[in-house]
Amino acid sequence: MVFEEVVSIYTGSTNHRSKERDVYSLKNLRDHFAGRVIEELRRCDVRQYIQRRTALGIQPGTINRELRFLSAAINFVRLEHDRADLPNPAQGIGLPEPECRVRWITKEEASALIAAAQRTARRPHLPNFIRLGLNTGCRRNEMLGLEWARVDFDRQVFGLEGHHTKNGRRRSVPLNREALAALRDQRQWVLEHCPASPWVFGVTNERRLTTLQKGFAASCQRAEIENFRIHDLRHTFASWLVMEGVSLYVVKDLLGHSSVTVTERYAHLSPDLGKSAVQLLA
């Protein structure tokens, strides 16, 4: 069984929630493993892949994600197609990763970023996306794929089903005044320009926005905000909450983390909580 067969079985039989990442991982893996017989692969082959990717300056997290994809594909075929004979040389191999990056901006910087996006935007999509990200903590695709049918203005929430989220768990996203204002502004534009669109970030009746990378980067540059990515809107949302004294367990639920261990990356932003806690014993 060759590499292409294993990957084809895996991608054709599972519901991938990170499809874009999988496509990127597959492209890089294919460059190295195309045509290779899985039964003949050894751990030294995987280590050669790591060395080659590292030499190109690829970050450890990206390489590890690619290896997890390969390992998952092999394990899927082993289990679901009774191929216990297949070796999995990618299992348990990876690079140490630095502590997770937490980049957040101040509320003043956030206002400058939104203003920068508004100045040159032909549509309100980018500034409203930024406003929604800062006030809900949702992931990029959770917002770009949002449909009006899942937005409840009366209850001030929108819903995410399992197939919308990274961990496959359903959750409701509460909306504050700023998030509601962004959604109302977006709804007004959609009603005027593509009223039949089911999407919050629709651009025509049949098509929605799928990327904001260039516009976001340009807005950051105009606002003089460095080293800030779209995912950092989510970090900013969480950081603001923790600095306001919100429990990590509440932040965990709002972000949709499967474990509070992931949320603990923000704990250092609220050292005063520990001081206040021990004073209760005095």
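**Charge, fold and selected residues of a predicted chain**

The chain carries 42 positive and 32 negative side chains, and the centres of these two sets are 2 Å apart. Lys and Arg are counted as positive and Asp and Glu as negative, while His and the chain ends are left out of the count. Each charge is placed at NZ of Lys, CZ of Arg, CG of Asp or CD of Glu. The model is a predicted one, in which local features need pLDDT of at least 70 and side-chain atom pairs count only at pLDDT 80 or more, whereas totals for chains, interfaces and linings use all residues. Residues are numbered from 1 along each chain as its sequence is written, and side-chain values use heavy atoms, with hydrogens and water left out.

The secondary structure consists of 13 helices and 3 strands. These elements are DSSP runs numbered from the N terminus, with helices being H or I of at least four residues and strands being E of at least two. Along the principal axes, the C-alpha atoms fill a box of roughly 60 × 60 × 35 Å. The domain assignment divides the chain into domain 1 (3-81) and domain 2 (107-270), with bounds that come from an automatic or database domain assignment. The C-alpha centres of domain 1 and domain 2 are separated by 31 Å.

Of the 282 residues in the chain, 42% are buried. Buried stands for under 20% relative accessible area, exposed for over 50%, and partly exposed for values in between (1.4 Å probe, protein chains only). The accessible surface of the chain is about 15600 Å², and 50% of this surface belongs to carbon and sulfur atoms. Accessible areas come from the Shrake-Rupley method with a 1.4 Å probe, and for residues only the protein chains shown count as cover. Contacts, defined by heavy atoms within 4.5 Å, were also examined by separation in sequence. Among contacts between residues at least 6 apart in sequence, 63% join residues at least 24 apart.

T11 is in helix α1 (residues 3-13) and counts as partly exposed at 34% relative accessibility. T11 and V23 are 12 residues apart in sequence, and their C-alpha atoms are 9.8 Å apart in space. Y24 is in helix α2 and is also partly exposed, with a relative accessible area of 42%. With neighbours within four places in sequence set aside, Y24 is in contact with R53, T62 and E66. The C-alpha atoms of Y24 and E66 are 8.5 Å apart, although 42 residues separate the pair in sequence. H32 is in helix α2 (residues 19-33). H32 counts as buried because its relative accessibility is 17%. Beyond its neighbours within four places in sequence, H32 is in contact with D45, Q48, Y49 and R52.

The structure holds 7 aromatic pairs. The ring centres of F129 and F201 are 6.0 Å apart and their planes are at 70 degrees, so this pair is edge-to-face. The pair joins distant parts of the chain, with F129 in helix α6 (residues 125-136) and F201 in the loop between α8 (177-193) and α9 (213-222), 72 residues apart. Rings of Phe, Tyr and Trp (its six-membered ring) are taken as a pair if their centres lie within 6.5 Å; planes under 30 degrees apart count as stacked, over 60 as edge-to-face and the rest as tilted. F129 counts as buried at 0% relative accessibility, and F201 counts as buried at 1%. Ring pairs also link F3, F33 and Y49 into a cluster.

E224 has a phi of about 60 degrees although it is not a glycine, and E224 counts as exposed because its relative accessibility is 71%. N227 is in the loop between α9 and α10. Phi of N227, likewise a residue other than glycine, is positive and near 55 degrees. N227 is exposed, with a relative accessible area of 56%.

L248 is in helix α11 (residues 248-255). With neighbours within four places in sequence set aside, L248 is in contact with V242, V260, T263, E264 and A267. L248 and V6 are 242 residues apart along the chain, and their C-alpha atoms are separated by 40 Å.
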